[in-house]
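Please consider the model shown below. The paragraphs that follow lead from the overall fold to its charged pairs and then to a pair of strands.

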Amino acid sequence: GERLQLDILSMLYSTCELLSKSYKDGTSYEDFKVEIIMKFGIDTQISEATYNSSKPEVLCNLIYQEAYAAYHSKTQELAKRTLPIFRDLFNHRGNSVENIVVPFTDGRKGINVVAPLKKLLDEKSLELSRAIEKSVTLTIIDSLWKEHLRDMDDLKQSVQNAVLEQKDPLLIYKFEGFQLFKSLIAKVNDETLTFLYRAEIPVQKEDDVMESKQIRQPKQNYKENKAEAQSMLSSGDSQEVATEEPPKLEPIRSNKVANRNDKVSVQYLDGSVKRDVKFKTVEEDVLSNRCVLID
């Protein structure tokens with residue numbers, strides 16, 4: 001909801017706090033710098049002397065200030081870089097396009113972000129960054145929560161053996177379950193922040209695209225039967241066929257969305273998700289771009 005930005009900052013502070021405590025326990029300064037780069041993609045300005053002399057809570061605040069400044073700068077740069085594209089799209093198709101889908105990737109996985117076009121036209125608008133935060137948080141929580149449920153099922157099976165050791169299975173289940181939940185929260189925080197700091201709009205250079213297409217182009221089969229050869233010669237277009245450039249590869253598109261009684265999952269602009277509902281119940285929302293199909 002509207003408090004998501006505060007939750008993101010809480011995730012950031014918790015991650016900085018965990019990092020400062022774990023790395024003050026006998027970890028070298030160089031390992032500390034590498035960890036900052038891996039999590040936030042920044043080269044820390046905290047000196048080795050400051051690192052060695054600071055208490056964990058002081059070090060936590062220093063890391064948080066650097067990480068927050070880097071994230072704020074990244075969101076501003078993203079809005080500035082994408083603004084001309086959104087304005088051009090609005091000028092050409094503003095009357096027919098209400099929401100747009102922007103792909104983002106951290107180099108490992110990709111997420112499509114839905115945002116209203118008109119709100120992206122303001123120079124000071126952070127609508128795109130907020131949309132990224134909603135989509136990323138929802139996707140990561142959904143994925144990790146499924147893993148957590150599987151872990152809890154495995155735990156339920158394993159604690160049955162505690163009876164053989166004359167221990168209470170329920171107490172062990174509660175204790176281990178709480179530890180698993182703490183681990184889940186840490187994973188959510190870590191993966192969410194890692195994606196937000198590394199997220200970029202994938203861009204391909206034209207030369208790279210052409211080269212990729214040429215590599216994937218199948219070999220021509222020059223063996224022809226007599227009838228095919230005569231047909232080509234008699235058509236009078238042999239010169240055109242020989243010099244014609246290979247057609248550009250286009251993605252396969254389908255106009256069919258889903259049958260009215262098919263079960264689908266959709267995501268709305270506010271980040272909410274409806275799962276396993278009949279398509280006819282959300283058909284109007286999909287056609288009016290208030291939500292998008294995700295499954």
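Predicted model: local features only at pLDDT ≥ 70, side-chain atom pairs only at ≥ 80, totals over all residues.

Glu 200 forms a salt bridge with Lys 74, and the closest N and O atoms of the pair are 3.1 Å apart. Because Glu 200 lies in the loop between α6 (169–198) and α7 (206–216), while Lys 74 belongs to helix α4 (residues 56–93), the pair ties together parts that are 126 residues apart in sequence.

The protein as a whole provides the setting for this pair. The protein has 10 helices and 5 strands. Of its 295 residues, 29% are buried. Among contacts between residues at least 6 apart in sequence, 59% join residues at least 24 apart.

The count of salt bridges comes to 11. One of them, within helix α5 (residues 127–158), pairs Lys 146 with Asp 142, with the closest N and O atoms 3.6 Å apart. These two residues are 4 apart in the helix, which means that about one helical turn separates them. Lys 146, at 44% relative accessibility, counts as partly exposed, and Asp 142, at 25%, also counts as partly exposed. Elsewhere, salt bridges that share partners join Glu 35, Lys 39 and Asp 190 into one network.

A further pair consists of Asp 106 and Arg 108, whose closest N and O atoms are 3.7 Å apart. Are these two partners buried or exposed? Asp 106 has a relative accessibility of 10% and therefore counts as buried, since the limit is under 20%. Arg 108 has a relative accessible area of 61%; this value is over 50%, so Arg 108 is exposed.

How many bridges join strand β3 to strand β4? There are 4 bridges between β3 (residues 263–268) and β4 (residues 273–278), and the two strands run antiparallel. Val 266 stands opposite Lys 274 in β4. In a regular strand, side chains alternate between the two faces of the sheet. β3 and β4 form a hairpin with 4 residues between them. In the turn of this hairpin, Gly 271 has a positive phi of about 95°.

Definitions and conventions:
Residues numbered from 1 in each chain as written. Heavy atoms only, no water. Salt bridge = Lys/Arg side-chain N within 4 Å of Asp/Glu carboxyl O. Buried < 20%, exposed > 50% of the residue type's maximum accessible area, 1.4 Å probe, protein only. Pairing = 2+ DSSP bridges. Contact = heavy atoms within 4.5 Å.
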